[in-house]
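Open the model in your viewer and keep the selection panel at hand. The stops below go from one chain to its contact with another.

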Amino acid sequence: MRPSLGYDVAVVGAGVAGLTAATRMAESGARVVVLAKGVGSTHLAAGTVDVLGYDPDRVSSPARSLPAFVAARPDHPYSLLGVDAITLALDWFAERIERGPQPGYRYVGDLERNYLLPTAVGAARPSALVPETMAEGALGGGRPICVVGVRVLREFHPTLCAANIARMGVAARGVEVKIDVDRPELNALGLARRFDDPVFRRDFAARLAPSLEGDERVGLPAVLGLRDPHAAWSDLQDRLGRPVFEIPTPPPSVPGMRLFDALRAALRAAGGRLVMGTRVMGAEREGARVTALRVDTAGRETTFGARCVVLATGGFASGGLALGSDWVVRETVLGLPLRGVPTAGSPRFGAEYFGEQPMARAGVAVEPSQRAEQTENVFVAGAALPGAEPWREGSGEGISLTSGHRAAELVLASDGLAAAA
Amino acid sequence: MAALSTDVLVVGGGATGAGVAWDAALRGLQVVLADRADLCEGTSGRFHGLLHSGGRYVVKDPRAAEECIAENRILREVAADCIEDTGGLFVTTPSDDPAYADRFAEGCRATGVDCEEVEPAEVLREEPRLHPGISRAFRVPDANIDAWKTVWALARGANERSGARILPYHAAVDIHRRGDRVTGARLRDVRTGEELDVEARVTVNATGAWAGKVADMAGLEGVQVLPGRGIMIAMNHRLVDTVVNRCQMPTDGDILVPIRTVSVMGTTDVHTDDPDDQTVAQEEVDAMLEDGEKLVPGFRQARALRVWTGVRPLFQDAKEDVASTRDVTRAHTLLDHAERDGVGGFVTITGGKLTTFRLMAEETVDAVCRQLGENRPCTTATERLPGSEAGEHYQLGERLARREDRLRDDQLVCECELITRNKLEESMRRRGTDNLDDFRRALRLGMGPCQGGFCMYRATGIMHSIDGLTAEQANDALLHFLQERWKGVWPILYGDQLRQARLDDWIFQGVLDVGHLER
């Protein structure tokens, strides 16, 4: 076994929560390593920051709805985090994106009102903070919409999207533009790379322009560039002479990749380290303290010593939690105690897909300090926290971002790190 | 109201009903085939996929064994393309009574089921995942049969040979009775509510576990079918490449059938009063996983894809007391109501098993011809089904080979099952249905590991654009599919399949937010 590598903090998981916590701690001078099996939530999600979308009716202002939402749910992560922490986290996040590697690319919005943006199926999804490239898609009046797809992209069907938008009282229609590609299918990432190319954009705009009518705004799948999306988006608006907006697609998510790239760049700029392709196999402990993580990297075991650990491994979708065929739920990295797990004999899931799913609220049991119960120096952030149903509430990124942001502060102030300083 | 007349009206579009339609069409009769749902949506599409060698019945029910082996040989010829010749094994695991093996071998000899004892070591070389403690092993000609493909081939063949009308989603709402004759039925299109009167010289009740209900509609009492409900679990891999049976008296969880890209563990047997009962009990799932461990150690760690229930149609003689449905005869029952009740123009066929559907159809159409007073010999034992003309069995990997030939020509809609966009669009145009679940059965759309997570948005978008559906219809189709899928996964959500389900939730509830589509 190789000798231990010593860090102040080891963060497990490279989703929004893990990258946010790690970056913020690194910015404060801590020696931070992020250990991740692979990319996380970013590449699956829409790339928006959803704080509170449904309660259970559609929320128009998270700022107004959060106090009652929190008061009714003492076990919800937002109760633990506090509403004020959300604003701090959102501001921190927006700043990091603006400073990021994609010039001019930024997020807009705040907690005062949700954007209602169309999804690829044409539903209206509420988000607090959205990439500027999506903002013109806001529903609820405004110019008519022309939803534009390309046949090679299977994750976007413009006529269905437009037909559903039209049902909400916004005039909309779908068209398909033919592009020259040498293959029958191209995913969102492949298309985004092409949109980074000005020649491709010029050609695309020239093909699309004749089919646009009146004062339509143009909805495109969220594939307008990965390296320089602001340039791609601005260029298309200029060429078409009308507002253009992106609509998130099913995975892979290009806006999510941009977000990941920006946070990773911020982490590196602050001196943090990201090690992908690693799986945490176990931990070394002294009493209730975890002193090191044993990690399998490229088939070799390495030990990362750390004074504190931030667990940001996500829930069942990300593998942070697992339910065995013995119907026992486990936290997969450290075997931490859980909360919110349906008791033996009570229903784990319900028969109605959109009905109550009790298992969805399971998570790692934490103190108000986000410290995992029965540990002295393991903190939890993101979807591993119990008590939420992120997709149903439209709260996923809000919880991940805020809990990651707040965990950084709590770790830095904790005994584990203070003792080291 | 629309009306039409025909020689034979077949109510029930499972393997038996479609088999009757094909048989009657080959004998030159005009046929209408109706089902309240999609063809093969009931019991025929809800079994484990086994083409019996008969081995399962050699000790318990020799007559059933003889029927199975005879039909097995015939179907391998006439429905070759629907069958994958996996072969079968009966193995004595440490959990089985070792004395049964000799009785099994003797039963095979007595019933003519081909059977060869092989060394356990040889079997373990071929099927290394099997329990290493196997003490005896016998090779039999079990195989798997794709019921959906078979039933649609039968229906298509009936249509091609004699213009048979195939009417899925047409429920029989009334059986017409004129004195001591049944003269046809009123059908209702369950999608549109439109009704259709079919006048038939003979009506065939081929509704399996629902046969009693349809007979009641004709005013014929005492047709009692005892539904026996069983669950099956499809595992995400071919844990074995040969059908594997436990060598013991028939019981729960005694068979693992490799079919297409999965293997199916079956089954349980619980009496139910309601043939539409699709309950999956937790204890049944646990018991099935335990039984899987006895055949393939580590079974519980494998990924379960889907669970479903089927109801066996077991005909009961009302005069006898029956404690367990497993003890009711698996053989089929033909009721010629002219002989039984003095009511002509009506025949009920029920019981039996998928392997013997052709024989059941033959006997049924023989009865139909007796009632019509016409002598028309059966030819289904030698006529090959559409698609099976070449007489070659389905090979696992056929789809992949076809796909690899045309990688650059067409996009894939469903990666798991290698379904191309042209294939899906062609099927959508031909079938004219907006139920995405129909394409699951027809093409295996959404049947793979992601259970529709990636292909269902695509399929909905494609259907909306080519079919001229309204957004509401497209949304309903998608939401209906998601609910149907959930029904089959939530009782077995653990391990990687739970992770997959949450990823799918992320796509549908998160990124697409389909739960909040404007209603």
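Among contacts in chain B between residues at least 6 apart in sequence, what percentage join residues at least 24 apart? The share is 72%, where a contact means two C-beta atoms, placed from the backbone, within 7 Å.

This is a predicted model, in which local features need pLDDT of at least 70, side-chain atom pairs count only at pLDDT 80 or more, and totals for chains, interfaces and linings use all residues. Residues are numbered from 1 along each chain as its sequence is written, and chains are lettered from A and ligands numbered from 1 in the order in which they are written.

Select chain B. Its C-alpha trace spans about 65 × 60 × 45 Å along the principal axes. Of its 519 residues, 59% count as buried (20 or more other C-beta atoms within 10 Å of the residue's own, all placed from the backbone).

Colour chain B by pLDDT, the predictor's confidence in each residue from 0 to 100. The mean is 94, and 97% of residues reach 70 or more. Now select residues 319–324 of chain B: pLDDT there is below 50, and the stretch has four contacts in the model beyond near neighbours in sequence.

Next, show chain A as well. The contact takes 39 residues from chain A and 42 residues from chain B. On the chain B side, select β21 (412–414), α13 (455–467), α14 (471–489) and α15 (495–511), each of which supplies at least two residues. The largest share, 11 residues, comes from α15(B). Helices (H or I, at least four residues) and strands (E, at least two) are DSSP runs, numbered from the N terminus.

The model scores ipTM 0.97 and pTM 0.94.

Conventions
A residue is buried if 20 or more other C-beta atoms lie within 10 Å of its own, exposed if 12 or fewer, and partly exposed in between; C-beta atoms are placed from the backbone.
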